[in-house]
Each structure stands twice: as structure tokens, then as C-alpha cells.
Amino acid sequence: MATEGFELYKLLVEEVRETRKARRDLANMFTTLNLGGVGALGFLAKGEGAFSPALQIFLCIALVLTCVIWRLSNGYYTRQLQVKYDVIYDLENKLGLDALQREYAGLSRKGPMRWFSVERAMPVLFILGYAVLITYTTSWADMRAISDAAIAPLRGLIRQ
């Protein structure tokens with residue numbers, strides 16, 4: 001039984017490693033996607049005369065939604081890892097091991113580092129950057145014209 005339990009333990013630890021890798025790969029993909037979006041926004045802003053504030057705003061909205069999905073995905077992986085660790089800790093207790101529990105207990109969970117991580121911060125920082133960009137480059141008149149243009153078809157539907 002001990003050998004089978006230890007093999008299960010090794011498998012569970014490997015699953016944690018794979019989940020952490022999947023989360024890291026997902027973060028890399030979302031970072032790349034957002035950096036591509038920032039490049040597209042820079043390209044749009046560089047164009048002379050052909051620049052469309054509406055296109056810039058809609059691209060920023062799409063990128064913000066991407067960041068929201070990124071943040072929600074991070075939360076999913078965090079919950080998934082916690083469940084995996086709980087299962088491992090239960091198995092460690094049955095096997096008389098405590099390697100991962102001791103490692104976790106030795107990590108600092110106090111202060112700002114408990115609430116701050118690059119994985120948590122990056123989506124929020126990108127969203128703030130998009131908000132600053134829109135605020136800085138788009139006038140209130142442009143925003144009003146864009147919202148009027150977006151709402152006009154809805155008004156026609158409501159009148160019918």
C-alpha cells in the first residue's frame with residue numbers, strides 16, 4: 001500500500017507541476033496578445049489622417065475583455081491548484097510525509113506580497129494602460145459621437 005500511495009503522491013505532484021506550467025503558458029499567451037494589441041494601438045495612433053478614435057476605443061474594449069478573461073483564468077488555476085494541494089496534503093498525512101506542507105509553511109504569506117503577484121497584476125496594469133490611453137487620446141466630442149453612432153441603430157429598433 002505504501003508503494004502505491006507513494007506512486008499516487010508522485011503523480012499528484014506532477015499534476016501540480018503541469019497545472020502551474022499551463023497557467024504560466026496561458027499568462028505568456030495573454031501577455032503576447034496584449035502586447036500585440038498595444039502595437040496595433042501604436043500603429044493606429046501613428047497614422048496621419050486615417051486615425052479613427054472609434055477603432056481605437058473598440059480595440060481597447062476588446063483588449064480589456066481579454067484582460068478580464070485572463071484574470072478569471074488566473075483565478076480558476078489558483079483554485080484548481082489549491083484543491084490539488086489539499087489532496088496532496090491529505091495523502092501526505094496518510095503516508096507520514098510532510099514535504100510540501102513544510103515548504104508551504106516556510107513561505108511568507110504576510111504583507112503586500114500576499115496580495116500582489118505578476119500574474120494578478122498584469123491584467124489590471126494593461127486595463128489601466130488602456131484607460132489612460134483612451135483618456136489621453138480621445139476627446140469628449142469623439143466619445144459622444146462614437147456613443148451616438150453606436151446607439152442610433154438601437155433607437156431605430158425601439159421606435160418600431
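Guide: A residue counts as buried when its relative accessible area is under 20%, and as exposed when that area is over 50%. The model above is predicted.

Visitor: Is Gln56 buried or exposed?
Guide: Gln56 is found in helix α2, which covers residues 53–95. Buried requires a value under 20%. The relative accessibility of Gln56 is 0%, so Gln56 is buried.

Visitor: With which side chain does the side chain of Gln56 make a polar contact?
Guide: A polar contact needs N or O atoms within 3.5 Å. For the side chain of Gln56, a distance of 3.1 Å meets that cut-off. The partner is the side chain of Thr137.

Visitor: How many Å does α2 reach from its first C-alpha to its last?
Guide: Helix α2 has 43 residues. At 1.5 Å a residue, 63 Å is expected. The value in the model is close to that, at 62 Å.

Visitor: Which residue follows α2?
Guide: Helix α2 covers residues 53–95. The residue after the helix has a positive phi, near 80 degrees. That residue is Gly96.

Visitor: Is Asn74 buried or exposed?
Guide: Asn74 also lies in α2. Leaving out residues up to four places away in sequence, Asn74 touches Arg23, Glu119, Arg120 and Pro123. Its relative accessible area is 5%, so Asn74 is buried.

Visitor: Is Val83 buried or exposed?
Guide: Val83 is another residue of α2. The relative accessible area of Val83 is 54%, and because the cut-off is over 50%, Val83 is exposed.

Visitor: How many disulfides does the count come to?
Guide: A disulfide is a covalent bond between the sulfur atoms of two cysteines. To be counted, the two sulfur atoms must lie within 2.5 Å. The sulfur of Cys60 has its closest cysteine sulfur in Cys67, 10 Å away, which is too far for a bond. The count therefore comes to zero.

Visitor: What is the relative accessibility of Cys67?
Guide: Cys60 is buried, with a relative accessible area of 3%. Cys67 counts as buried too. Its relative accessibility is 0%.

Visitor: Which residues is Phe126 in contact with, leaving aside its neighbours within four places in sequence?
Guide: Phe126 is one of the residues with the most contacts inside the largest nonpolar core. Contact means heavy atoms within 4.5 Å. With those neighbours left aside, the partners of Phe126 are Thr31, Asn34, Leu35, Val38, Cys67 and Trp70.

Visitor: How many residues are in the other core?
Guide: Another core lies apart from the largest one. Among its residues are Tyr9, Leu12, Val16 and Leu100. The number of residues in this other core is eight.

Visitor: What separates the C-alpha atoms of Arg17 and Leu81?
Guide: Arg17 is in helix α1 and, at 52% relative accessibility, counts as exposed. Arg17 and Leu81 are 64 residues apart along the chain. Their C-alpha atoms are separated by 9.4 Å.

Visitor: How far apart are the end C-alpha atoms of helix α6?
Guide: Helix α6 has 20 residues, 140–159. At 1.5 Å a residue, the helix should span 28 Å. The distance in the model agrees with this, at 27 Å.

Visitor: At which residue does α6 bend?
Guide: The bend is about 30 degrees. A proline, Pro153, follows within four residues of it. The bend is at Ile151.

Visitor: Is Ile146 buried or exposed?
Guide: Ile146 is in helix α6. Leaving aside its neighbours within four places in sequence, Ile146 is in contact with Pro53, Ala54, Ile57 and Phe58. Its relative accessibility is 14%, so Ile146 is buried.

Technical notes: Residues are numbered from 1 along each chain as its sequence is written. This is a predicted model: local features need pLDDT of at least 70, side-chain atom pairs count only at pLDDT 80 or more; totals for chains, interfaces and linings use all residues. Side-chain values use heavy atoms; hydrogens and water are left out. Helices (H or I, at least four residues) and strands (E, at least two) are DSSP runs, numbered from the N terminus. The expected span of a helix is 1.5 Å times one less than its number of residues. The bend at a residue is the angle between axes fitted to the seven residues ending there and the seven starting there. Buried means under 20% relative accessible area, exposed over 50%, partly exposed in between (1.4 Å probe, protein chains only). A polar contact is a pair of N or O atoms within 3.5 Å; within protein, one must be able to donate a hydrogen and the other to accept it, and residues adjacent in sequence count only if both atoms are side-chain atoms. A nonpolar core is a set of buried Ala, Val, Leu, Ile, Met, Phe, Trp, Tyr and Cys residues joined through side-chain atoms within 4.5 Å.
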